[in-house]
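Here is a short tour of a protein model, with the cut-offs kept close at hand. Please have your viewer ready.

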Amino acid sequence: MNRQGRIEVPFGNNNLIVETGRLARQANGTVTVTCGGTVVLVAACMSQGPREGVDFFPLMVEYQEKTYSAGRIPGGFFKREGRPTQKEILSARLIDRPLRPLFPEGFYNEVQITATVLSSDGENDPDILAVVGASAAVHISDIPFDGPVGAVRVGCINGEFILNPTYAQREKSEFDLVVVGLERGIVMIEGEANEVPKERIKEAMRYAFQELQPILKFQHEFRKQVGLEKAKVDLFRFPDELKDKVAHMIEGRLTKVYNVGEKEKREEALHELRKEVLSNMAVFESYKLNGRALIESDIKLIFDQLEYDEVRRLIFQDGKRADGRGFKDIRNIACEINILPRTHGSSLFTRGQTQSLAVVTLGTRKDEQMVEALDGLSYNNFMLHYNFPSFSVGETRPMRGPGRREIGHGALAAKALRAVMPTKEEFPYTIRVVSEILESNGSSSMASVCSGSLSLMDAGVPIANAVAGISVGLITQGDEWRLLTDIMGLEDHFGDMDFKVAGTDKGVTAIQLDIKVRGVAIEILEKGIDHAEEARGVVLKEMNLAISTPKPDISPYAPRIVTVQVPVDKIGDVIGPGGKTIKKIIEETGVETIDIDDDGKVLIASLERESAEKALKYINGMMEVPEVGKIYDAQVMRIMNFGAFCEFLPSKQGLVHVSELSEKYVKDINQVVKIGDRFKVKIIEIDEMKRINLSKKQAEKELNISV
């Protein structure tokens with residue numbers, strides 16, 4: 001890629017500068033995208049041909065944020081970038097999802113897109129630049145591609161839409177919406193919102209679609225300047241007569257299979273039908289595919305195509321879905337809470353054959369997640385993790401760490417719930433939600449939103465409102481289309497869209513769109529949002545039957561956190577020299593941790609309520625100002641010939657002179673008191689040097705205690 005070119009286009013409050021021909025020239029297509037002080041290098045490469053036996057499009061997308069781009073050295077022992085962070089994985093998915101549907105059907109050459117952040121100004125998020133750069137790099141290359149796409153981020157502050165807001169603006173925004181589209185439709189949406197009404201989301205979607213059009217225009221102009229001729233590649237396609245042959249062998253029987261409502265029976269019948277076709281491989285001997293004989297995997301792919309056709313035929317001709325539901329019908333829902341005896345909160349949400357077990361764990365400040373990102377260091381006190389074991393779909397596979405899909409689904413569910421989470425001031429806990437998918441047959445991420453909401457309420461987390469989510473699918477045939485509420489697995493697999501919308505009864509909190517066709521009209525998506533809101537109301541009603549408001553108290557097995565405010569000038573007193581005082585409090589009271597903010601807010605965490613209250617009393621005592629004439633509980637700390645030094649408030653001592661120990665004459669003080677003795681004392685004097693004199697005998701006399 002040696003042709004040099006440069007183009008510039010307005011992009012929010014900045015200009016977007018795209019260049020090629022100077023860096024990474026051996027790739028099929030390379031661009032650098034600059035916005036402000038943020039620079040992203042995107043390179044796209046294609047293999048010479050498909051690998052033998054590959055029956056899918058092997059697109060690989062990598063997104064890397066180099067710490068040097070922000071002028072920092074990586075942490076850790078190795079001091080270099082390691083495994084991808086969650087932000088890098090989510091950004092890679094942000095590139096992959098809109099571009100994947102735009103490569104030709106049957107194109108099986110390996111394609112790799114690598115986006116590298118070379119410079120970061122701490123204001124402009126490089127992820128949108130990476131999406132635009134990936135589209136531009138592939139568009140000007142010789143790689144077959146039915147693009148380009150444009151991408152923008154939209155925020156909203158004080159009712160005004162903000163195009164490509166900075167990190168600081170996003171913190172103040174009502175929503176954060178990423179929209180990727182073509183000239184005639186949208187291909188991907190990703191966003192979170194603070195219970196924003198659906199009409200406002202629709203407006204933002206239309207605004208974004210309008211603003212991404214100039215990005216498409218400049219890419220077309222850029223290709224005219226520096227673009228390469230598209231390579232001629234062999235596309236994998238089955239001859240029509242071969243597909244007709246298999247269709248004839250199973251004529252009418254596939255329809256009977258899809259009239260079986262239950263997933264297990266349907267899959268068993270499909271397995272037997274495939275097995276019967278594959279047992280007659282001899283009838284396919286005369287057919288060749290790219291010069292080779294047919295193999296079983298080829299017939300399985302043809303069978304898959306016939307299933308695709310049958311699902312669509314059922315929708316458009318028979319007006320029904322494979323499980324017999326109407327287009328807007330939701331599968332049966334069951335909600336339970338307090339499933340597990342010793343966890344801090346738990347719930348089980350079942351929708352049809354999709355089931356999520358959500359478990360909440362409450363922790364202290366030391367459990368917060370430290371996040372190192374290009375925009376700086378931050379601490380996250382709310383996490384949602386999603387697990388998808390193979391048994392949830394009745395399969396066997398090795399159990400590794402979480403994959404990109406698990407990371408993405410967990411992030412979406414976290415976005416959906418974040419809008420209703422209490423602030424740290426309202427609820428000073430670190431909160432972790434884990435969604436264990438026990439069964440899966442469509443939209444397990446939205447099931448995780450529902451189970452997560454239920455489990456948070458069960459844990460006593462004061463969330464503002466219950467949150468539910470639903471997925472809306474799309475089936476197209478020419479100019480006709482049908483929306484399907486609450487899609488199941490096969491409708492996701494054979495359908496054209498997976499449109500997830502989560503929210504409360506007040507508005508939307510998260511939205512995600514993935515498609516398999518070349519764009520979806522905004523009018524269809526707006527209908528999808530309407531259908532999602534209607535379905536969300538049904539789901540929320542079922543959830544409210546299980547629990548409608550958060551429990552008034554947290555689990556007895558969760559740590560207790562109490563807070564107290566101390567004057568800023570007293571912070572040092574609580575900590576003590578080298579942390580001596582705070583360590584003493586922890587040791588004497590048995591609490592887990594004591595954290596102190598710079599503003600004087602003290603957080604005491606303990607597994608036992610009594611210990612927390614004891615530590616709270618200790619700290620409050622340290623803040624108390626001694627009063628002459630007031631009676632206190634005291635403990636003997638040190639004994640001298642002339643009297644005993646007693647601690648009457650935490651870290652505050654006074655002297656009980658030998659003459660103030662008893663009404664009787666004290667000849668030997670050691671015969672009267674010992675170190676560790678406790679008794680009542682009265683402050684009788686605070687002298688000019690702030691020394692405090694105490695009296696045991698006056699306290700006892702006032703309290704009428706017999707000596």
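## Overall make-up

The protein has 17 helices and 31 strands, taken as DSSP runs (helices H or I, at least four residues; strands E, at least two) numbered from the N terminus. This is a predicted model, where local features need pLDDT of at least 70, side-chain atom pairs count only at pLDDT 80 or more, and totals for chains, interfaces and linings use all residues. Residues are numbered from 1 along each chain as its sequence is written, and side-chain values use heavy atoms, leaving out hydrogens and water.

## Shape and surface

The radius of gyration of the protein is 33 Å, while a compact globule of 707 residues would have one near 27 Å; the value is taken over C-alpha atoms, and the globule rule is 2.2 Å times the number of residues to the power 0.38. Along the principal axes, the C-alpha trace spans about 120 × 60 × 45 Å.

Of the 707 residues, 53% are buried, meaning under 20% relative accessible area with a 1.4 Å probe, protein chains only. Among contacts (heavy atoms within 4.5 Å) between residues at least 6 apart in sequence, 69% join residues at least 24 apart.

## A look at helix H16

Buried residues of H16 include Ala615, Tyr618 and Ile619. The buried residues of this helix pack against several elements, among them helix H15 (580-589), strand E26 (601-606) and strand E28 (643-649).

Conventions. Buried < 20%, exposed > 50% of the residue type's maximum accessible area, 1.4 Å probe, protein only.
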